[in-house]
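Let's take a walk through this chain together, going from its overall build to a sheet and then to a single residue. Have the viewer open and follow along.

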Amino acid sequence: MQEKISYKDSGVDIDEGNALVEGIKPLVESTFDKFVLGGIGSFSGAYELPSGYKEPVILGATDGVGTKLRLAIQSDRLESIGIDLVAMCVNDLICNFATPLFFLDYYATAKLEKAKALRVISGIVEGCKIASCALIGGESAEMPNMYKDGDFDLAGFSVGIAEKQELYRKSLVKQGDVLIALPSSGLHSNGFSLARKVFFEKLGFHLASEFDGKALIDTLLEPTQIYVNTFKSLKPKIKSLAHITGGGILENLPRALPKGLGARIKKDAIKSQPIFELLKEHVQESECYRTFNMGIGMILAVEANDAHFVAQESGGYILSEVESLQGVEII
């Protein structure tokens, strides 16, 4: 009789997937709020819309963490990469004045290992708690031959809610308004392909190489700052926000300003960090400002009269002001 093969023989372990679902249930449920309907295990997650909105609009954002993930895998430092995943999505949502409601994740790997996946998902849970949003579902996919052994990929999806009229808040920005810079926690999750080339190929650094008083990998894997609580507490004072991700200040700040308005930002006004100063020594300066955040994770536009208050309450600093200028210049 011909021997029959199973799904497990092809490289997919259904039992391991089921064990993962059971393992993540208490983690996921720790993010639930009163609006989450049901639990984990259905075909989709359900979330009741909060009341109190006149014209509620639902917004969605999706992202990954780029090749920062490669460093997390190489160093076996998996606990914080999930925070980056949440941050990249919810920080985009607040730029459209949306309060994050819930989050979903996608975890794809060559071979599903419950223990490794739990470490990753624990970071996603932590990110959701920082952002005050519920993790209501996700998907794990075991795909042999699609990924190399030991590799995995992450994607995140977040949904938020806003008043319809608030979607156009950037139209309130005018000449003379002040730009407040919120410091980043490092590279965040952008520009890692270039950073890895500089540090590991050109300079010959190793993950454990000392940099700025600690291992380089500690600096590189510092989780992306989540700005949701700052947004919530200062929302009435904020006219617009720009999340400084891929494209840097030069490409992201104009997205938060009306047509015909821009800014001139002095390099010495930016409170940089040692990692960016080193990168500037080996990468053209213009390339740095359109690839990295250069020490600024978010920029807020506020009334001049509110600038000092917002800077103090947010932990940020006054960067520049809005001018009658097309685009943004770094001078």
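Predicted model: local features only at pLDDT ≥ 70, side-chain atom pairs only at ≥ 80, totals over all residues.

Next, the overall dimensions. Along the principal axes, the C-alpha atoms fill a box of roughly 80 × 55 × 30 Å. The radius of gyration is 21 Å, which agrees with the value near 20 Å that a compact globule of 331 residues would have. Of these 331 residues, 50% count as buried. Among contacts in the chain with a separation of 6 or more, 85% are between residues 24 or more positions apart. In terms of secondary structure, you will find 11 helices and 14 strands.

Four strands form an open sheet in the order 10-12-7-13, with antiparallel pairing. Strand 10 (238-243) and strand 13 (317-321) are at the edges; each has a single partner strand, so one side of each is left without a neighbour in the sheet. From one strand to the next, the twist averages 30 degrees. Further in, strand 7 (residues 178-183) and strand 12 (residues 296-302) are joined in the antiparallel sense over 6 bridges.

Helix 3 (residues 81-94) lies across strand 10 and strand 12, and runs at about 150 degrees to strand 10. Helix 11 (residues 307-314) lies across strand 7, strand 12 and strand 13, running at about 5 degrees to strand 7.

Finally, zoom in on Asp177, in the loop between strand 6 (152-163) and strand 7. Is this residue buried or exposed? Asp177 has a relative accessible area of 1%, and because the cut-off for buried is under 20%, Asp177 counts as buried. What does its side chain reach in there? Another is the side chain of Lys239, with which the Asp177 side chain makes a polar contact (2.9 Å). Leaving aside neighbours within four places in sequence, the residues in contact with Asp177 are Leu172, Lys239, Val302, Glu303, Ala304, Glu321 and Val322.

Conventions:
Residues numbered from 1 in each chain as written. Heavy atoms only, no water. Pairing = 2+ DSSP bridges. Helix = DSSP H or I, 4+ residues; strand = E, 2+ residues; numbered from the N terminus. Axes fitted to C-alpha atoms, helices over the stretch in contact; angles between N-to-C directions. Contact = heavy atoms within 4.5 Å. Rg over C-alpha atoms; globule rule 2.2 N^0.38 Å. Buried < 20%, exposed > 50% of the residue type's maximum accessible area, 1.4 Å probe, protein only. Polar contact = N/O pair within 3.5 Å; in protein donor to acceptor, adjacent residues only side chain to side chain.
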